[in-house]
Amino acid sequence: MEAERLITLGRHALAESGTAQDIVAEAWQAQALAQAIGRHLALCGPMELRGEARGLSEIGEYPTWGSAGPRAAQLTEVADPWGALTALGELLGEVGIALVGVACATDEEGLYWQCIEAIDAADESSDRVRGMLRRLAVRDGERARPPDPARGGAGPGRSPTW
């Protein structure tokens, strides 16, 4: 299955999570998907991404999967690295927000630390994804550069709005 489709499935599953344990499980599903996309790009992606992608593929140690395994096992291609990485970054951001909510609301120490571990993995993966997007932007002559919040969204060819 194509990466962006799997990411969309993950976003829907996270949104439908009904319990704190469901949210933590979906966080690890997202992390497994980030690793799978990293492995795929390290092998088949643009040369500029291979080092960062290898690093992404090694982030996080998730719990043992049940018989179904992670959704990420269905990954067959990353047709559009820019689109997939952008969508993955959004998913990881949503995961982080959901995990912070669970960590703040729980009185259970074990669940709290599960959330902290998953937040750390999502944050590190997000950093790698942003790094890969920057590399793609440089490769493409900055035409696809993400907006720079420090400059009021100004990208190349646009004047800063100070």
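Predicted model: local features only at pLDDT ≥ 70, side-chain atom pairs only at ≥ 80, totals over all residues.
Colleague: Which residues does Ser57 touch, not counting residues up to four places away in sequence?

Modeller: With those residues left out, Ser57 touches Gln35, Gly38 and Arg39. Each is called a contact because heavy atoms come within 4.5 Å.

Colleague: What makes the pair Arg128 and Glu52 a salt bridge?

Modeller: A side-chain nitrogen of Lys or Arg must lie within 4 Å of a carboxyl oxygen of Asp or Glu. For Arg128 and Glu52 the N to O distance is 3.6 Å, so the pair meets the condition. The pair links distant parts of the chain, with Arg128 in helix H5 and Glu52 in helix H3 (residues 50–57), 76 residues apart.

Colleague: How do you know whether Glu52 is buried or exposed?

Modeller: Glu52 has 19% relative accessibility, which is under 20%, and therefore counts as buried.

Colleague: What makes Glu94 and Arg11 a salt bridge?

Modeller: The closest N and O atoms of Glu94 and Arg11 are 2.3 Å apart, which is within 4 Å, so the pair qualifies.

Colleague: Why is Glu94 called partly exposed?

Modeller: Glu94 has a relative accessible area of 29%, between 20% and 50%, and is therefore partly exposed. Arg11, at 30%, is partly exposed by the same cut-offs.

Colleague: How many salt bridges does the structure hold?

Modeller: The structure holds 6 salt bridges. One of them is formed by the side chains of Arg130 and Asp127, at 2.3 Å from N to O.

Colleague: Where are Arg130 and Asp127, and what separates them?

Modeller: Arg130 and Asp127 are 3 residues apart in helix H5, so about one helical turn separates them. Arg130 has 41% relative accessibility and counts as partly exposed. Asp127, at 38%, is partly exposed as well. Elsewhere, salt bridges that share partners join Arg11, Glu90 and Glu94 into one network.

Colleague: How do you know what span is expected for helix H5?

Modeller: The expected span is 1.5 Å times one less than the number of residues. Helix H5 (residues 109–139) has 31 residues, so the expected span is 45 Å. From its first C-alpha to its last, helix H5 reaches 45 Å, close to that expectation. Just after H5, Gly141 takes a positive phi of about 70°.

Colleague: What pattern does the chain follow along the sequence?

Modeller: The pattern is α-α-α-α-α. The chain has 5 helices and 0 strands.

Colleague: What percentage of the residues of the chain count as buried?

Modeller: Of the 162 residues, 43% count as buried. The chain exposes about 8800 Å², and carbon and sulfur atoms supply 52% of that area. Among contacts between residues at least 6 apart in sequence, 74% join residues at least 24 apart.

How values were computed. Residues numbered from 1 in each chain as written. Heavy atoms only, no water. Helix = DSSP H or I, 4+ residues; strand = E, 2+ residues; numbered from the N terminus. Buried < 20%, exposed > 50% of the residue type's maximum accessible area, 1.4 Å probe, protein only. Areas by Shrake-Rupley, 256 points an atom, 1.4 Å probe, with all protein chains shown as cover.
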